[in-house]
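Morning, everyone. Please look at the model on the screen while I talk.

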Amino acid sequence: MHELSIAASIVEAVTESASAYPGARVKAVRLRVGALASVIEDSLQFCWELASEGSPVAGAKLVINKLPVIVHCDSCSVDSEIEGVQSFRCPRCGELAADLRQGRELEIESIELEEPEPQESKPMESKTDVPDVVEEQT
Amino acid sequence: MTTRIVELRRGILKKNDELAAGLRQRFTSAGVLVLNLVSSPGTGKTAFLELTLRALRERGAHAAALVGDLETDNDARRLAASGAPVRQINTHGICHLDAEMVSKHLDGWEGVSLVGLDYLFIENVGNLVCPSSYDLGERIRVALLSVTEGEDKPLKYPGLFNSSDAAVITKIDLAVPCGFDRELALKNINEIRPGIRVFETSAKTGAGMDEWLAYLLEQAQPS
């Protein structure tokens, strides 16, 4: 059950990064989680709600992008994705492959922010621009 | 409202990883070999470690241990009987050790300085899942499994076995009564972590301890 510690770490990191965008609301947090990261998705989603409640990132959606394991085969000199995590063998030649190139990731890839429209950004120009475009189209 | 995507690309456990990297540097410059022992509860980590500490002491090596448990200092007291300095880390419900806990317990450890040590063992909390995500700054991660747990443990917990540098099978004195399929266990370990060093041991009979100690001595040599 270390998903709660992980969720708390995500809340902390995202709160810190989002503070650079005052007034923005965090809509979503995208993670990259390797198949060997020992993280259970459902458990992390559950803990995310608990950990984010009452924080500046409350209500943000947690999007988990799962990454398969990729091994490098010395004989074939090729990186290949393997199916599952039960046997670390090159799918081309069947040899055991100890050289892991992907699968242990546990990272925050990006955050999606919703920001208020910048009020002061030359409203006159944009108003004249829009009809021009519309006229061209019709 | 407008939407903005901010790329972060940062490790979720970045703080732990940074702290662990600092510890690793400290351990390396102090010349101490640090091992993180991970297994299920009841595998026999403490008995195995007790024997290891005694044997190292007999050979004139300086070894110490940090022992993680949710509660009680039973293991630390048991291990202290070996004569080695031992310090208990109580996590109070947390299912793994992290780099900060290790760092805090190294500070103010009476009578122990890293420079004077050859080996530091960190016995993790009994758990095969969570400790695999937390780097403690160790140089060698050791996954232990006992013959009573079944040969498919490595397949069930690939995250841990794949991230380990050595595997120790414990309680081999019970292999026959348990119907332990040795070949299958070795095959499973190798499927998950090809080429890993495996030691077959018994804390009761002392079997396999010579190989394990030879490995420890070999690993402690400055490369």
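First, a term: two residues are in contact if their C-beta atoms, placed from the backbone, lie within 7 Å. This is a predicted model, so local features need pLDDT of at least 70, side-chain atom pairs count only at pLDDT 80 or more, and totals for chains, interfaces and linings use all residues. Residues are numbered from 1 along each chain as its sequence is written, and chains are lettered from A and ligands numbered from 1 in the order in which they are written.

Now the interface. On chain A, 30 residues are in contact with 30 residues of chain B. Strand 6 of chain A brings the largest share of chain A's side, 10 residues. Helices (H or I, at least four residues) and strands (E, at least two) are DSSP runs, numbered from the N terminus.

Next, the strands. Strand 6 of chain A and strand 1 of chain B, residues 2-11, run antiparallel, joined by eight bridges. Strands pair if DSSP finds at least two bridges between them. One partner pair is A:Glu107 with B:Gly11.

Last, the core. A nonpolar core is a set of buried Ala, Val, Leu, Ile, Met, Phe, Trp, Tyr and Cys residues joined through C-beta atoms within 7 Å. Buried means 20 or more other C-beta atoms within 10 Å of a residue's own; 12 or fewer is exposed, and in between is partly exposed. The largest core has 93 residues, and A:Val14 and B:Tyr119 are among those with the most contacts inside it. Helix 1 of chain A gives the most to this core, seven residues. What does A:Val14 touch? Leaving out residues up to four places away in sequence, its contacts are A:Val26, A:Val29, A:Val57, A:Ile108 and A:Ile111.
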